[in-house]
Amino acid sequence: MSTVRWRKSSYTNGGNDPQCVELACLADGRVVRDSKQPGPSLVFPARSFAAFLSQAKK
């Protein structure tokens, strides 16, 4: 996971708040991690992450 490009939510004080989640895109899914402890991460297949976002937007 060291080669992926992590990004923070724009809702976290312009990305400057260290207490948020970070997201990285993979060819076949998305990866989420805690910005305070960027070790472990959760990997989601693209279809599962899209379903999550669809429900979160409701």
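Q: Before anything else, what kind of model is it?
A: It is a predicted model.

Q: OK. In what order do the strands sit in the sheet?
A: The order is β1-β2-β3-β4, in an open sheet of four strands with antiparallel pairing.

Q: And which strands stand at the edges?
A: β1 (7-8) and β4 (41-45) do. Each has a single partner strand, so one side of each is left without a neighbour in the sheet.

Q: How many bridges join β2 to β3?
A: Six, between β2 (residues 21-26) and β3 (residues 29-34). The two strands run antiparallel, and a hairpin of two residues connects them.

Q: What about β3 and β4?
A: Those two are also antiparallel strands, paired over five bridges. The hairpin from β3 to β4 has six residues. One of the bridge pairs is Val32 with Leu42 in β4.

Q: Where does helix α1 lie?
A: Helix α1 covers residues 46-56 and lies across β2, β3 and β4. Relative to β4, helix α1 runs at about 95 degrees.

Q: Switching to cysteines. How many disulfides are there?
A: Zero, taking a disulfide as a pair of cysteine sulfur atoms within 2.5 Å.

Q: Cys20, buried or exposed?
A: Cys20 is buried, because its relative accessible area is 10% and the cut-off for buried is under 20%.

Q: And how does Cys25 count?
A: Cys25 has 40% relative accessibility, so Cys25 counts as partly exposed. Its bridge partner in β3 is Arg30.

Q: What is Val4 in contact with, sequence neighbours aside?
A: Ala24 and Leu26, once neighbours within four places in sequence are left out. Val4 is in the segment before β1. At 17% relative accessibility, Val4 counts as buried.

Q: How far apart are Val4 and Cys25?
A: In space they are 7.2 Å apart, C-alpha to C-alpha, and in sequence 21 residues apart.

Q: Next, Glu22. Which strand is it in, and is it buried or exposed?
A: Glu22 is in strand β2. Glu22 is buried, since its relative accessible area is 10%.

Q: Which side chain does the Glu22 side chain make a polar contact with?
A: That of Arg33, at 2.7 Å.

Q: Last topic, the rings. How many aromatic pairs does the structure hold?
A: Two. In one of them, Phe44 and Phe49 have ring centres 6.1 Å apart and planes at 45 degrees, so that pair is tilted. The Phe49 and Phe52 pair is tilted as well, at 5.9 Å centre to centre and 45 degrees between the planes.

Q: Why are Phe49 and Phe52 separated by about one helical turn?
A: Because they are three residues apart in helix α1.

Q: Which residues form the aromatic cluster?
A: Phe44, Phe49 and Phe52 form one cluster.

Q: And how accessible are Phe44 and Phe49?
A: Phe44 is partly exposed, with a relative accessible area of 30%. Phe49 is buried, with a relative accessible area of 11%.

Conventions:
Residues numbered from 1 in each chain as written. Predicted model: local features only at pLDDT ≥ 70, side-chain atom pairs only at ≥ 80, totals over all residues. Heavy atoms only, no water. Buried < 20%, exposed > 50% of the residue type's maximum accessible area, 1.4 Å probe, protein only. Pairing = 2+ DSSP bridges. Contact = heavy atoms within 4.5 Å. Axes fitted to C-alpha atoms, helices over the stretch in contact; angles between N-to-C directions. Polar contact = N/O pair within 3.5 Å; in protein donor to acceptor, adjacent residues only side chain to side chain. Phe/Tyr/Trp six-rings, centres within 6.5 Å; stacked < 30°, edge-to-face > 60°.
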